[in-house]
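Please look over the sequence and the 3D structure shown below before reading on. The report is written for someone meeting this structure for the first time.

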Amino acid sequence: MPYIHPEGAPERASRLGHVRTAMDPSVRQALESYFLPPAVSGPPPIADLLVEAATLPVSGLPKPAYAISIDGSKQEIEVRPEFPSARVGFAQVAGIFSQLDALAPPPPGGFVDPVAIAQATRAALVKGVVPTSIVTIRSGQTIHEAWREAVWELFTTCKFEGPAGTNTRLADVLAHVLGTPTLPVSSVTLERCPGRHDRDCDAGGLVVPLGGATCEKCGTALYFTDATNTHDEVVEFGSNDNALGRLMLVLELLTFLWQIRIFSMVDPGRVFPRCAFLLDGPLAMFGRPAGLKRHALRFLQAIHARELAAGRAGLPVVIGIEKGGALAEHAEHIREYIPPGYLLCLPDRYIREHVQHREGNRAYGYDTDYGRRFIYRARDSRTLVFSMPPMPSGDPTDDAEAVDLGHYPSLDTAIGLLDQVGTMLYRNAVIPVAFAHNYASLPLGTGSQVLTYLAQDALGAARTQVRLTPFF
Ligand SMILES: [Zn+2]
């Protein structure tokens with residue numbers, strides 16, 4: 001926005017202003033001292049990192065028959081443009097359940113068409129609004145307090161439909177993710193009072209049960225959902241698009257993990273191993289909520305352990321697919337050196353030297369990733385960057401020098417799936433929409449319908465439509 005002169009004429013930067021700045025000796029000196037990594041040319045040193053997909057260890061999983069794909073989106077809206085501009089943020093997570101097995105007979109009157117899917121992704125699994133600037137829930141509130149209250153509201157009103165008519169609030173999903181898939185935590189401990197942002201409170205070690213608490217020192221309401229730390233990125237003035245993005249990532253993560261848990265409970269032996277779960281984006285958490293990534297990994301490893309204990313092959317395919325960012329660019333850059341049908345392992349040393357161009361020992365994604373990234377050049381010769389959680393234990397950052405493929409037991413099944421669906425993933429911006437356009441699909445929002453079909457498929461019974469209880 002241009003600065004307005006007292007006389008009323010807007011002050012604009014001179015068109016030659018930057019030239020003058022650039023000619024300044026101190027600017028020149030600074031520029032000359034910068035380091036620009038050499039442009040990559042010639043073949044990258046990847047000979048020892050390439051693995052032919054056909055030689056990967058066999059997962060023991062059947063070919064995926066169902067895909068469950070999840071994607072979050074957000075938008076900050078100006079509700080009053082005059083200064084100070086008031087904004088609210090919308091965040092939502094949509095999911096699609098798709099039948100990949102083209103040989104199966106079409107379900108009678110079952111799956112919806114892509115137009116209905118497009119509408120359904122708007123009526124998402126999770127959706128909510130939070131005040132992001134000036135707007136508050138009650139008068140006298142600060143934006144931090146309003147944000148935290150709105151997040152708590154969102155977590156208590158959004159519910160996931162599970163097997164046998166169970167409904168689970170997002171807040172209870174969070175309690176399970178912080179605990180285990182079967183045992184939720186009943187309270188969280190906040191390292192520092194969230195009142196430090198607007199009340200200068202220095203209280204710490206605050207125990208907050210699921211129902212909430214009050215800080216004895218500053219009197220601010222404490223919410224269980226404060227444990228997600230999205231409020232730490234809220235700024236008092238201006239746009240809060242950044243904090244909104246973090247909140248969306250949290251919602252996406254919880255939705256993804258909970259869908260995996262739901263499907264693990266629907267006739268687990270027959271249905272779950274044939275499912276593939278895809279997240280649109282890397283398996284990573286950024287910013288202040290990044291601490292959740294450790295819980296996410298343990299959650300997935302616990303489900304893996306439960307599958308193994310039941311004599312099955314472990315966690316089915318769980319991957320994140322990223323189409324943007326440094327690694328996706330790098331993959332495009334070096335694709336001609338990766339033969340089709342080959343996987344490129346990405347140990348930390350390689351990412352550091354050839355993608356990040358930096359020294360030191362800190363692993364790539366140390367603070368953020370719960371999956372290790374791989375590049376796969378599909379048989380149709382396109383490249384895909386995906387991440388996968390390590391099993392049965394350990395962290396993706398364990399692979400400093402070389403990637404231990406034994407920690408990624410479902411790789412061969414995942415790659416088979418990527419060869420099957422790769423082209424459409426590459427072409428389409430949003431993975432759930434890509435699936436909806438290419439396969440018979442149902443929005444995950446209609447939980448009981450999806451679960452009924454699955455149970456009927458597992459039992460070899462004909463599919464029937466769920467009788468919905470009408471609202472009056
Ligand atoms: Zn306090």
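## Basis of the report

This is a predicted model, in which local features need pLDDT of at least 70 and side-chain atom pairs count only at pLDDT 80 or more, while totals for chains, interfaces and linings use all residues. Residues are numbered from 1 along each chain as its sequence is written.

## Overall make-up

The protein has 12 helices and 18 strands, where helices (H or I, at least four residues) and strands (E, at least two) are DSSP runs numbered from the N terminus. Of the 472 residues in the protein, 42% are buried; a residue is buried if 20 or more other C-beta atoms, placed from the backbone, lie within 10 Å of its own, exposed if 12 or fewer, and partly exposed in between.

Among the contacts in the protein with a separation of 6 or more, 71% are between residues 24 or more positions apart, a contact being two residues whose C-beta atoms, placed from the backbone, lie within 7 Å.

## Helices α6 and α7

Two packed helices are described by the angle between their axes and the distance between the axes. Helix α6 (residues 241–265) packs with helix α7 (residues 292–309) at an angle of about 10°, and their axes are 11 Å apart; axes are lines fitted to C-alpha atoms, for helices over the stretch in contact, and angles run from 0 to 180 degrees between N-to-C directions. The two helices α6 and α7 are therefore roughly parallel to each other, a description used for angles under 35 degrees, with over 145 counted as roughly antiparallel, 65 to 115 as roughly perpendicular and the rest as oblique.

On the α6 side the contact is made by Val-250, Leu-253, Leu-257, Ile-260, Arg-261 and Ser-264, and on the α7 side by Leu-292, Ala-296, Phe-299 and Ile-303.

## Phe-272

Phe-272 is in the loop between α6 and β13 (275–280), where Phe-272 is buried, with 24 other C-beta atoms within 10 Å. Not counting residues up to four places away in sequence, Phe-272 touches Phe-263, Ser-264 and Pro-316.

## Backbone features

Most residues other than glycine have a negative phi, and most peptide bonds are trans. Asn-229, however, has a positive phi of about 65° and lies in the loop between β12 (221–222) and α6. Ser-381, in the loop between β16 (372–377) and β17, has a positive phi near 80°.

A cis peptide bond, with omega about -5°, joins Met-391 and Pro-392, and Pro-392 is found in the loop between β17 (383–388) and α10 (411–427).
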